[in-house]
Amino acid sequence: MSIAYDSVKIGIVSISDRASSGVYEDKGLPALQDWLGRALHNPVAYEARLIADEQALISQTLIELVNAGCSLVLTTGGTGPALRDVTPEATLAVADKEMPGFGEQMRQISLRFVPTAILSRQIAVIRGQCLIINLPGQPKAIAETLEGLKDADGTQLVPGIFAAVPYCVDLIGGPYLETQDAVCKAFRPKNAVRAPRN
């Protein structure tokens, strides 16, 4: 008996002047796709973009991905205090609603590792029926913020932000995302849990 999972379109965007110009290999897009592939049961169609740290280009790319039917867009890079770091500004410029809890939790997780986590400016917003989340730039930090922190026995110490993503996507009219509990267990109120469909 196979379970039918909703298909989902996810935008993944790596924002880096140097990677987009070929100075070095982009590690953001592979890291995002690898983690999502391990975390979700759903069949995923990816819309991947590698772009420079240009505010207008970032905003335009996010709008294009939402218009293409993405229910979730994850960006990586450009969230620090450097002059070229403009991802949060570009994201806010296209937002219908800001979701500050995602950024707050990402910084809480990163502060377990480095005091400079307070310099990170990741945010999340909703545009239409799409949740857009700015993630850190390093592959290890991407996985940590999405997944959270576990002890040696696998017990969750700090919840990752992705635990809240499926219910948020529900609330804005998106597909029903189902996670691999061993990677990241989604949380929904009992009345929002859907019985498996065959």
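Predicted model: local features only at pLDDT ≥ 70, side-chain atom pairs only at ≥ 80, totals over all residues.
1. Six strands make up an open sheet with mixed pairing, ordered β2-β1-β3-β6-β5-β4. Its edges are β2 (44-51) and β4 (97-98), each of which pairs on one side only.

2. Have a look at the β1/β2 pair next. Strand β1 (residues 8-15) runs parallel to β2, and eight bridges join the two. Within this pairing, I12 has A48 of β2 as its bridge partner.

3. Helix α3 lies across β1, β2, β3 (72-76), β5 (124-127) and β6 (130-135), and runs at about 165° to β2. Helix α5 (residues 100-110) lies across β4, β5 and β6, at about 25° to β6.

4. On α3 (residues 55-67) you will find T61. T61 counts as buried because its relative accessible area is 4%, with the cut-off at under 20%. Apart from neighbours within four places in sequence, T61 is in contact with V13, R49 and I51.

5. Another threonine to check is T179, in the segment after α7 (165-171). T179 is buried too, with a relative accessible area of 8%. Not counting residues up to four places away in sequence, T179 touches A39, L40, H41, F162, P166, C184, K185 and A186.

6. For A186 it is the backbone nitrogen, at 3.0 Å.

Note on methods: Residues numbered from 1 in each chain as written. Heavy atoms only, no water. Helix = DSSP H or I, 4+ residues; strand = E, 2+ residues; numbered from the N terminus. Buried < 20%, exposed > 50% of the residue type's maximum accessible area, 1.4 Å probe, protein only. Polar contact = N/O pair within 3.5 Å; in protein donor to acceptor, adjacent residues only side chain to side chain. Contact = heavy atoms within 4.5 Å. Pairing = 2+ DSSP bridges. Axes fitted to C-alpha atoms, helices over the stretch in contact; angles between N-to-C directions.
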